[in-house]
Each structure stands twice: as C-alpha cells, then as structure tokens.
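Colleague: Please put the model up, and I will ask about it piece by piece.
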Amino acid sequence: MISARRPLVAICGTIILVLIQAVVDPTGLLALVGFSGAQPQFDRGIWPLAPYVVFVPVLLVGTWWVAVRAGERFWTLAAGITLTVMLAQAATCLFMTWDPAVAAWSAGFVTGKALPAALIVAGLTRWLGGSRTRTVHSHGSLWPIALLFAALAPLLAGLWWTGAVYAPGVPAARPDRGALSMFVAILLIAAATFMFLRLIRPRVPGVLGGWLAALLAGGAVGLVQAVIAFLLDGGLHGDLWPLMAAYVAVADGLSFGACLGWVVGIGAVLSDRVLAGQAGRKVQVAVGAAVAVAMGFAGILPAPEPATAVARTTSNAPAGFLRTDGANISDGKGNQVLLRGVNVNQLVDFYQPRPEVPATRPLSEDDYAGMAEQGFDVVRLNISWSALEPTRGSLDPGYLAKITQAVAWGKQHGIYTVLDMHQDGWWNGPAPAGTVCRPGTDPMWGYDGAPEWATITDGAPRCEFTGRDISPAGNRAFQNFYFNTDGIRVALAETWGKLAATFRDEPMVAGFDLLNEPGFGESAPVTTAHLLGTFYDEAIQAIRAAGAQQIVFVEPSIFWSGLGFDTGPTPGFTNDRNIVFSPHLYAESITMDRDLGIPPIVRIERQFTLAQRVANEYGAPLWSGEYGYWGEDSDVLQRLTRYAATEDQQMLGSAYWVWKQACGDPQNGIGPVGNALMMQDCATGGDAAPKTEVLRILSRAYPQSAPGTLTSLQADGAKFQLAGTTASRGCGLTLWVPGSAKPVLSTVGVTELDSVAVPGGWRVSGCAEGNYTVSAG
C-alpha cells in the first residue's frame with residue numbers, strides 16, 4: 001500500500017532543497033539549479049532557460065515516480081533520486097546540444113550534487129512520508145538481461161570511459177581500449193547488473209527496478225575500475241589522485257547506468273511477463289541469441305580511431321615550419337624539437353587597478369637578448385583580443401605592429417613565438433562602483449581578455465568567489481561566448497584567421513594558442529568539452545583558410561589549472577593533423593588544494609602522465625603552455641627541481657610563467673615587487689634582482705633539436721645525458737649548454753661536433769646516426 005503522503009513529501013522536499021540551494025549558492029554553480037543573478041533571456045533559444053524549463057520538470061516528475069515506485073526503502077529511494085537528478089542533467093544538456101552522446105556523458109558531472117540531494121530528500125521522505133509496507137515481488141529470469149546490457153556497452157560507449165582517469169590496464173567497455181580490456185569490462189558489467197537485479201527486483205517492480213539495478217551496477221563497476229587503477233597507477237603516492245579518479249570512474253558508471261538503464265528496465269518487465277513455461281524459455285533463448293550477436297559484433301567492431309589519429313602522420317606544414325610528427329614536434333627535416341622558454345605578458349591589455357602604476361612593463365629587444373642568454377628557444381607571447389580588435393571586424397594596426405615587432409625580435413635571437421590569445425576572467429572590466437555582491441562573494445578587479453563588444457554578462461554581478469575564475473559575470477560571459485550569442489564565438493575564430501594570415505609565411509611563428517585557460521561558463525561539460533571543441537574547430541578552419549599551416553595549440557579548460565586534470569575538448573573535435581595538446585601543468589602551485597590547505601590532488605610528477613594520456617587520445621604531442629608560480633615559500637626550488645626532472649624524463653618542452661610582471665598587473669596584487677623571473681622594484685619602478693636560482697634550473701642543458709627521436713634525457717645545469725635514435729644520418733643536433741666553461745662532451749654515434757660560445761653558454765651542433773648518446777660532466 002502506497003502512502004499518498006510519500007510522493008508529496010518527496011516533491012516538496014525537492015522543491016525546498018532547490019530553492020535553498022539557489023539562494024545560498026553565491027555562484028549559481030554549486031546548486032542543483034543555480035541562479036547567477038543574470039537577467040532572464042528569452043530570445044537566445046533554449047540554453048538560458050533549460051535549467052528551469054527542462055531540468056526542474058524532469059526532476060520533479062522523476063521524484064514523484066521514484067517516490068511512488070521505490071519509496072518503501074530509504075536506500076532504493078535515494079538511488080531513485082540520484083537517477084532522477086542525472087536524467088534531468090542529461091535532458092537539459094540534450095536540449096542544449098542535441099548531441100545524445102554528449103548529453104548522456106554530461107550526466108556524470110552532476111554526481112557530486114546528486115548524491116547529497118538524494119540522501120536529503122530520501123531522509124525527509126522516510127521521516128515524514130507516512131507508513132510503509134515492504135512488499136516482496138516475484139521476477140523473471142535475470143541473466144539474459146544482464147548479459148544483453150553488458151554486451152551493448154561497447155556499442156553505446158559514446159564518451160564514457162575516456163580521459164586521464166583510465167590508466168592503461170583499467171578495463172573499459174570501449175573497442176579502442178583493446179579486446180581484453182573490453183571483454184573484461186563486459187563481464188564486470190554483466191556480473192554487477194545481475195547482482196543488483198537480484199537485490200532490487202524483489203523490492204522495486206517494473207521498469208524502475210531494472211533501471212535502478214543498472215544505475216548501481218554502473219557505480220559498482222566504477223569502484224572496481226578505481227581499485228584496479230589504484231594498483232596500476234601509483235596508489236596514494238603523495239597526492240589524492242586515486243580518490244579523485246575513483247569519483248570520476250563511479251560518476252561515469254552511474255551516468256552510464258542512468259542513461260542506458262532503461263534497457264534493463266524494459267528487459268526486466270518483459271522477463272516478468274514470461275515467468276514460466278515454454279514461452280519463458282523461448283524468450284530466454286531469443287535474448288541469449290541477441291546477446292551472442294551483440295557480443296560478437298562488439299568483438300569484431302573495429303576500434304574507433306583516436307580523435308586525431310591522422311595526426312600521427314606528418315602534417316602538411318611548408319618546408320622550414322615546425323609541425324607535429326606523431327607524439328613529437330618536428331622541424332620537418334627529421335629532427336625532434338623541444339620548445340622551452342617563457343611566457344611574455346608585456347603586450348597584454350590588463351586592467352590597471354592603480355592609475356599611477358603601469359599594468360605592464362615595456363617589451364624590447366633587450367628582453368629577447370636576455371631570454372636567449374638563458375637558452376630559451378620559445379616565447380609564448382600573450383596578446384589581448386581587446387587590444388587586437390577593439391572595434392568589431394577590424395584589427396588594430398598599432399597593436400598588430402607590436403606583435404609583429406616582437407616576432408621579429410624573437411627571430412633575430414633564434415626564438416620561436418607561440419601567439420597566445422590570453423584572457424583571465426574573460427575581460428578587463430572591474431566590478432562597477434556600488435556593486436552589491438551576494439554573501440560569500442566580493443567585488444573584483446578586472447583582468448584581461450575580450451573587448452567590450454564581445455562581453456555579454458546579462459547583468460550578472462562582477463563579483464568573485466575564491467578568485468577571478470568563479471564569477472557570475474565572467475561565467476555568463478563565457479556561456480554567451482560558447483553558445484555564440486551575437487556571433488561572438490565565430491567572431492573570435494574569424495579574428496584568428498585574420499591574425500594567422502599576417503604570419504602565415506613566418507616560420508619562426510611556431511603556432512597559435514587559441515584561448516588561454518578557457519572558463520567553464522555555467523554548464524560544464526557542455527561548455528568545457530563540447531562547445532570548446534566546436535570553437536577550436538571553427539578557429540582552426542579559419543586559420544587554415546587564411547593559408548597558415550603552423551601548429552595550433554589547444555588547451556583544456558581552467559579546470560586543469562585548478563584541479564590538475566580535466567577532460568579537454570571532446571575527442572574528435574577536429575580532423576586537423578597539426579595540433580598540440582597544451583594544458584597548464586600547475587600541480588602543487590595554483591591548484592585549489594593549496595588554497596584549501598589539503599594534500600595535492602595531483603602531484604607534480606603525476607600531472608605529466610595524466611596530460612600525456614589525454615594527448616594520446618587526440619593523437620597529438622604534449623606541450624605545457626604555463627607552469628611555475630609556486631610562490632615564495634622555501635619549497636619553490638624543490639618543486640621546480642622535481643618539475644624539471646620529470647619534464648626531462650618525459651622529454652618535453654614548456655613555457656614558464658612569467659618573464660616579467662609589472663607592479664600594476666592585477667595578477668601581481670599590491671606588493672613590494674613585480675613577481676616574475678626578472679623582478680621589478682615597486683618602490684622605484686626599476687629592476688630588482690632576478691630569480692637567479694630559478695633561472696639556473698630553467699636554463700639547464702637540453703637539446704633544442706635532435707635527429708630522429710629522443711629516447712632519454714637528464715640534466716642539471718651544464719651536466720647532462722641524452723640519447724636518441726634516428727633511421728638515417730642527420731645533422732640537426734643542436735644543444736644548449738649553460739655557463740662559461742666549454743663543455744667536455746662524450747658521444748656515441750655523433751660526429752662533426754662543434755661548440756660555439758654564445759651569450760650565456762654554448763651552442764653545440766653535430767650529426768647523429770643510428771642509436772646515439774651525448775653527455776657532459
């Protein structure tokens with residue numbers, strides 16, 4: 001007997017919870033249905049309204065259904081509410097994207113909200129929902145349903161079980177993970193589904209009983225994957241990564257069960273209808289045959305190519321230009337290239353918090369001479385859309401001339417340029433005077449990024465929560481960008497086409513970094529994966545249409561800088577062959593764990609492994625566009641030493657943050673110095689002593705180019721050991737060795753060595769053949 005009060009209590013409890021969260025959450029991001037303070041928009045399609053006209057109705061209808069059908073027990077009702085929240089999320093994302101795979105995968109991203117909401121609503125319903133009569137229901141055969149559901153998993157895997165979480169060896173029901181991994185995962189899903197069907201079907205009848213079994217089975221498989229990953233991926237070795245990986249794996253499993261568990265539910269109902277007799281056996285035989293066909297098809301299904309598998313062949317860049325070649329950056333002459341250098345922010349259009357203190361330091365040729373003396377061969381040149389295109393449709397010739405001059409200075413000193421469209425907090429506007437912020441947030445400075453004409457906040461307050469990247473105004477501005485309000489997403493892609501056309505014939509422009517640390521908007525991962533990938537594809541097409549064939553550097557969202565990992569743009573976002581995956585490897589630096597005073601979520605060494613996994617999914621090389629910024633405590637050099645050792649071990653390049661930072665830079669705050677490698681004395685405005693100990697580590701010896709492929713690298717100052725292999729003799733070996741003393745080199749397979757003294761050190765060149773080694777010290 002169902003208490004009429006129970007579904008009413010569940011519905012009322014859900015409504016009250018939604019309202020309380022919306023009021024208490026100052027960001028609009030932490031609640032089931034957040035409110036950012038933005039004005040309602042009715043002329044932009046469904047996305048601004050979807051949380052209210054899709055999520056809320058699905059949530060309430062689903063809550064009523066599970067309260068009626070599964071409300072006799074606390075744990076079944078809690079599972080039902082979890083299912084309902086995930087389905088509401090999936091439906092909302094489906095209306096935003098019309099992409100079922102993205103929508104279903106997105107359901108997992110609400111796990112952290114769904115579980116506590118489910119416990120609260122289920123607890124209230126049990127307490128206030130009236131009497132309960134626990135009925136035991138009969139059910140039909142379970143194993144054919146479990147096998148069929150498991151066998152369908154590889155065919156419907158979509159975006160599940162991708163990303164940094166899934167270490168090699170962790171079973172996942174995806175053909176591209178290999179036959180053994182796929183079949184082990186199928187067996188796990190089948191066993192877990194059968195187990196939970198036996199547990200739930202006697203307690204929850206109908207479609208819902210099977211659906212809940214699939215939900216819980218998915219979560220259980222995620223736990224098994226997490227245990228296997230713990231054993232294979234280094235365990236709790238100085239960070240919290242295994243716990244985070246477990247959360248993501250369970251969330252993937254729950255969302256898989258939530259979005260596809262209706263198959264189990266319908267199958268369970270059909271099985272119930274044929275409990276006994278020959279008809280039942282016939283149905284079992286039919287289901288068994290379907291399972292065999294599905295498993296056989298899954299077994300012969302060709303593994304989907306990685307999103308950019310074509311990138312494992314050499315790109316079509318012209319002679320003399322850098323390009324990707326498999327997992328490496330190459331010069332097109334058979335030499336692997338390591339790009340190691342710094343970020344330069346001296347052309348950024350920053351907000352100026354104090355009118356009397358400049359927000360940037362002048363950029364000159366002396367800066368490039370100084371960088372060359374450290375052995376740097378690349379500058380990630382931060383530029384601002386607001387300065388480049390202050391008027392829509394027209395690039396500012398004066399600002400373009402500054403960029404061109406910087407590229408020329410780099411070329412003069414043998415330094416490549418990566419042009420980076422920089423932004424922090426979306427734009428440089430501060431909170432207007434008199435801004436009233438919700439409790440928990442504060443009026444904020446501006447930072448840098450988009451022009452005013454591309455900044456659409458819909459009246460959301462310019463207030464920050466824990467930092468510039470969580471702001472209702474900034475989040476809404478990013479949301480409007482991702483959904484191409486007023487064409488601004490396409491406008492930035494077109495701007496990239498115009499800028500790339502200017503440098504299409506310049507081989508010392510290594511490439512284009514399309515957007516610095518993209519914000520998450522209001523609906524990740526629709527924004528941070530699906531629509532970010534859409535923007536990247538639009539920008540790449542515009543760049544190629546302009547005749548520019550340089551490398552395109554693509555970043556994951558700001559989540560990577562804050563957490564130490566993220567998903568990145570959706571696999572398959574582009575077919576271009578010349579891309580590099582470029583996360584910012586800030587583990588143990590600006591990540592939220594340091595702000596919270598907890599152990600690292602991801603330790604310095606592990607971040608390289610996680611980033612490489614995602615790069616491998618794109619079939620692209622890995623290059624860190626930013627790292628560093630460890631503050632001023634005593635552990636800075638120790639952390640940097642660990643970073644440098646791992647970078648050498650992985651034979652990677654990167655760009656340190658930052659060469660110079662002005663005292664008036666909003667990122668610098670208000671202090672006695674402009675905090676960078678080349679310090680500024682804020683009292684005088686002149687130079688302060690540089691960070692010599694940091695520079696000593698950054699300027700260590702390394703191969704700027706090496707014939708064939710590097711196989712190992714270690715360096716400490718002028719001491720180093722490297723090894724490589726090349727299929728044919730090549731004379732592209734170029735080494736940087738710091739210091740005044742001429743290096744004494746030991747070699748195998750290397751001839752025609754020549755050491756030339758240059759400012760700051762030595763440039764060593766030579767020819768290599770077969771397996772070769774070079775060492776000094």
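Colleague: Is Leu231 buried or exposed?

Modeller: Buried means under 20% relative accessible area, exposed over 50%, and partly exposed in between, with a 1.4 Å probe and protein chains only. Leu231 has a relative accessible area of 68%. Therefore Leu231 is exposed.

Colleague: What kind of model is this, and what is its average pLDDT?

Modeller: It is a predicted model, in which local features need pLDDT of at least 70 and side-chain atom pairs count only at pLDDT 80 or more, while totals for chains, interfaces and linings use all residues. Residues are numbered from 1 along each chain as its sequence is written, and side-chain values use heavy atoms, leaving out hydrogens and water. pLDDT is the predictor's confidence in each residue, from 0 to 100. At least 70 is reached by 93% of the residues, and the protein's average is 93.

Colleague: For residues 276-280, how many contacts beyond four places in sequence does the model have?

Modeller: Contact means heavy atoms within 4.5 Å. The pLDDT stays under 50 over residues 276-280, and the number of such contacts is 2. Over residues 289-313 the pLDDT is also below 50, and the contacts beyond near neighbours in sequence number 53.

Colleague: Which helix gives the most to the nonpolar patch?

Modeller: Helices (H or I, at least four residues) and strands (E, at least two) are DSSP runs, numbered from the N terminus. The surface patch consists of Val227, Phe230, Leu231, Leu232, Leu236 and Leu243, together about 630 Å² of accessible area. Leu231 lies in helix H8. With 4 residues, the main contributor is helix H8 (residues 206-232).

Colleague: What rules were used to draw that patch?

Modeller: Accessible areas come from the Shrake-Rupley method with a 1.4 Å probe, and for residues only the protein chains shown count as cover. A salt bridge is a side-chain nitrogen of Lys or Arg within 4 Å of a carboxyl oxygen of Asp or Glu. Patch residues have over 30% relative accessible area and no salt bridge; like charges are joined within 9 Å, and nonpolar side chains (Val, Leu, Ile, Met, Phe, Trp, Tyr) within 5 Å.

Colleague: With which side chain does the side chain of Asn343 make a polar contact?

Modeller: A polar contact is a pair of N or O atoms within 3.5 Å; within protein, one must be able to donate a hydrogen and the other to accept it, and residues adjacent in sequence count only if both atoms are side-chain atoms. Asn343 is in strand E4 (residues 340-344) and is buried, at 0% relative accessible area. Its contacts beyond four places in sequence include Arg380, Gly625 and Trp657. At 3.2 Å, the polar partner is the side chain of Asn382.

Colleague: Which backbone nitrogen lies 3.4 Å from a polar side-chain atom of Thr527?

Modeller: Thr527 is in helix H17 (residues 526-545) and counts as buried because its relative accessibility is 0%. Pro525 sits in the loop between strand E9 (509-513) and H17, and a cis peptide bond with omega about 5 degrees joins this proline to Ala524. The nitrogen in question belongs to Ala524.

Colleague: What is phi of Glu752?

Modeller: Glu752 is in strand E18 (residues 745-758) and counts as exposed, at 55% relative accessibility. Its phi is positive in a residue other than glycine, near 55 degrees.
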